[in-house]
Amino acid sequence: MKTDSHITFLQLFCIHKETMALDQSGQKIYPGVTSPISLDGPKPLDIKLSNKLEEAMRPYGVFESDEELAHRMEVLHKINTMVKNWIKDVSRQKNNIPEDKIDSFGGKVCTFGSYRLGVHTKGADIDTLCIAPRHVERSDFFSSFNEILSQQPETKDLRAIEEAFVPVIKMEFDGIELDMTFARLALPQIADDIDLRSESLLKNLNEKCVRSLNGCRVTDEILHLVPDKDAFRMTLRAIKLWAKKRGIYSNVLGFLGGVSWAMLVARVCQLYPNAAPATLIHKFFMVFSKWDWPQPVLLKQLLQENKLGFPVWDPRVNPSDRFHLMPIITPAYPQQNSTFNVTTSTRTIMMEEFMIGLEVVNKIYTSGDSWDKLFEPSGFFQKYKHYIVVIARAEEEKNYLEWHGYIESKIRLLVGNLERNMFIKIAHVTPESLGPLTESENPYICKWFIGLTFAKVENQNVDLTYDIQSFTNQVYRQALHIRILKEDMKVDIQHVKRKQLESFVPQSILQRCKGAEIKRKSEGRSSAGTGSKNSQALLTHSKSDTDLIRTSTHVIIDTSDGESSHDAPSCETDTKNKVNGELPHPLSPTSSDSAMQSPCRKREGSPSGAESPVKRSKSEDETQNMLGSPMVVDPQSQSPSRKREGSPVRPDSPVKRTKSVKDVQSCQPPIEIGSPMHITQIRR
């Protein structure tokens with residue numbers, strides 16, 4: 001079949017109608033944990049808007065040319081040939097096997113992620129998995145195969161990250177970025193047509209191999225569970241582009257990654273199996289702007305028994321799973337939550353973006369607006385009055401590449417520290433990191449920005465010293481433990497006001513954000529009248545939509561004045577001074593954890609308030625959510641009057657203790673002169 005860039009959606013829909021699977025009674029089989037909400041096919045307007053959607057996405061580089069696609073396939077062929085030859089060499093060295101039997105061991109390279117799903121963009125990387133027979137060790141992959149890669153003239157920026165949760169080799173090969181993971185199967189030979197979806201392959205494997213296999217298994221299962229792959233791909237391309245433009249595409253920073261967005265789109269495709277991409281985008285925002293988190297998103301039912309004994313996501317069994325804020329569960333065994341990194345702030349920001357996206361698509365349907373409005377960038381650098389800048393730097397390129405990835409993976413811990421501060425309402429990190437501002441600046445430098453919204457508490461001092469110092473101490477300590485820290489690797493953290501961002505952010509980005517924010521405010525005022533009526537009409541477009549979705553008017557976050565998280569984040573603070581400091585390197589003896597204790601700091605522990613990451617089960621009707629899963633949690637364990645047992649105490653824990661306004665006002669943080677992070681005299 002041709003790619004979706006060479007065929008109209010009307011043709012794709014007709015092909016899909018002819019090839020839908022049937023059961024023994026002649027009824028169509030629809031995947032999912034529930035029956036579809038609507039089986040209606042696309043209307044002429046839906047098809048017209050779907051074709052316009054494809055044209056609107058082309059300028060953003062979401063479709064590759066045939067030449068670029070051919071180049072990717074050529075690169076994968078080279079890598080696959082290298083893997084087969086490498087396995088032969090390892091076999092000769094280890095087993096003294098006759099040459100005529102060496103070829104029988106096999107081995108292959110599989111793809112997963114966006115490339116396997118068919119939604120990769122121009123210049124995107126390719127996620128690959130190297131599969132080897134049982135006599136090839138992981139240590140061989142990170143030693144001898146890594147050495148082979150380093151000798152290839154096409155290889156650039158090669159780095160092996162063997163200590164990662166999923167060990168990986170990263171590189172650029174002939175202009176294409178590749179991430180290579182490794183799995184050794186308990187098989188003497190690897191056939192070229194091996195089916196990785198079979199659970200029998202997981203027998204006698206260690207957890208690292210299972211995690212490496214999980215990428216391919218999840219991707220293949222997602223494609224197997226969507227009713228119309230072409231509509232799914234077009235919709236996913238649009239949602240991924242929207243998420244990147246709105247700054248909410250990053251698993252490592254606490255938002256959603258590619259596989260999570262794919263599963264959300266796949267769930268909507270299951271609910272509306274015959275819908276056009278334009279309709280699916282509308283339903284996507286409608287469904288998830290009202291989703292009752294932490295109700296999990298499931299593409300298939302969870303297994304009732306765990307025969308192989310690998311850890312699986314199940315809050316009925318694992319107490320720690322009950323504290324996940326936005327669970328989206330992978331469909332392949334062992335099922336995992338792909339959104340473990342989501343924090344209170346990132347969930348609040350994403351829910352706000354879902355609401356904004358719904359309003360935009362409503363206008364596209366009712367007023368004929370262009371799809372370009374959906375892909376307008378966010379105004380992050382105009383949204384807040386106060387920002388925290390995390391700066392990672394090194395002197396050598398090799399050290400910088402390693403340090404950059406390491407710091408990026410830890411920033412969510414800083415966001416968690418800030419969220420647990422009683423005075424901070426929102427800590428919003430943007431995935432858009434920036435390099436040097438001028439040519440004279442160190443080329444090996446990267447900056448991340450965190451926007452802050454403070455709780456409305458009058459006449460209080462805010463001391464963020466503990467939050468910042470505990471983060472840097474942890475970062476340096478773990479870097480020393482895994483032996484990646486070098487003398488030139490440093491991380492600095494500064495507080496800046498919005499008007500001071502010009503010293504860190506290019507003027508082009510600041511002007512873009514300023515224009516986006518002005519436009520957003522003007523459109524917000526104009527839509528307060530008739531626009532709201534049109535939106536309401538579309539919200540009730542299908543009776544089954546509203547009947548089957550449990551609506552929630554607010555996504556509550558833990559604030560002392562109980563404000564709704566749907567309020568546009570705005571900083572209510574006024575700082576009289578700015579104190580920027582360079583935090584000490586761990587090789588310096590001045591770093592001390594004990595000196596940073598703050599008497600007003602929120603402590604990790606069991607939440608005592610009614611607001612918690614886990615919902616109470618109020619009735620049998622509510623527990624059986626049509627769009628979610630029949631996951632029932634013991635109501636007694638969710639009682640707001642008792643502390644939870646087994647509350648997480650990790651530094652990145654999303655659990656927060658609630659305090660009253662009286663408690664907040666009675667707590668005076670100490671003023672530390674010269675502290676690296678000190679904001680004074682917050683006023684309403």
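Predicted model: local features only at pLDDT ≥ 70, side-chain atom pairs only at ≥ 80, totals over all residues.
Biologist: At which residues does UniProt place the feature "binding site"?

Modeller: The UniProt record, an unreviewed entry, places that feature at Asp125 and Asp127. Asp127 is found in strand 2 and is buried, with a relative accessible area of 18%. Apart from neighbours within four places in sequence, Asp127 is in contact with Cys110, Thr111, Phe112, Gly113 and Asp179; Asp179 is also among the residues that Asp125 touches.

Biologist: How should I read a sheet, and what is the order of the five strands in the open sheet with mixed pairing?

Modeller: As a general idea, strands of a sheet pair through backbone hydrogen bonds, and the pairing is either parallel or antiparallel. Here the five strands follow the order 1-2-5-4-3, with strand 1 (108–112) and strand 3 (155–161) as the edge strands, each pairing on one side only. The twist from one strand to the next averages 25°. Within this sheet, strand 4 (residues 168–173) and strand 5 (residues 176–184) run antiparallel and are joined by five bridges, and Phe173 stands opposite Ile176 in strand 5.

Biologist: Which helices lie across strands of that sheet?

Modeller: Helix 6 (residues 138–150) lies across strand 2, strand 3, strand 4 and strand 5, and runs at about 165° to strand 3. Helix 7 lies across strand 1, strand 2 and strand 5, running at about 120° to strand 5.

Biologist: At roughly what angle do the axes of helix 7 and helix 9 cross?

Modeller: For a pair of helices, one reads the approach of the axes, the angle and the handedness together. The axes of helix 7 (residues 207–225) and helix 9 (residues 258–271) come within 10 Å and cross at roughly 20°, which makes helix 7 roughly parallel to helix 9, because angles under 35 degrees fall in that class. Helix 7 passes helix 9 in a left-handed crossing, and in this pair Val218, Ile222 and Leu225 of helix 7 meet Val259, Ala262, Met263, Ala266 and Gln270 of helix 9.

Biologist: What is the strand order in the open sheet of four strands?

Modeller: That sheet has the order 7-8-6-10 with antiparallel pairing, and its edge strands, strand 7 (424–429) and strand 10 (490–497), each pair on one side only. Neighbouring strands are turned against each other by 25° on average, direction ignored. Helix 13 (residues 397–419) packs on the sheet, touching strand 6, strand 7, strand 8 (445–454) and strand 10, and its direction makes about 10° with that of strand 8. Helix 14 (residues 465–481) also packs on the sheet, where it touches strand 6 and strand 10, with its direction at about 160° to that of strand 10.

Biologist: Why is strand 6 described as largely enclosed by the rest of the structure?

Modeller: Strand 6 is so described because seven of its eight residues are buried. Strand 6 (residues 386–393) pairs with strand 10 in the antiparallel sense over eight bridges, and strand 6 and strand 8 likewise pair in the antiparallel sense over eight bridges. On the strand 10 side, the bridge partner of Val390 is Ile493 and Ile388 stands opposite His495, whereas Tyr387 stands opposite Gly451 in strand 8.

Technical notes: Residues numbered from 1 in each chain as written. Heavy atoms only, no water. UniProt positions renumbered as here; feature names shortened; annotations may be inferred. Contact = heavy atoms within 4.5 Å. Helix = DSSP H or I, 4+ residues; strand = E, 2+ residues; numbered from the N terminus. Buried < 20%, exposed > 50% of the residue type's maximum accessible area, 1.4 Å probe, protein only. Pairing = 2+ DSSP bridges. Axes fitted to C-alpha atoms, helices over the stretch in contact; angles between N-to-C directions. Parallel < 35°, antiparallel > 145°, perpendicular 65-115°, else oblique. Left-handed = near helix turned anticlockwise from the far one by under 90°.
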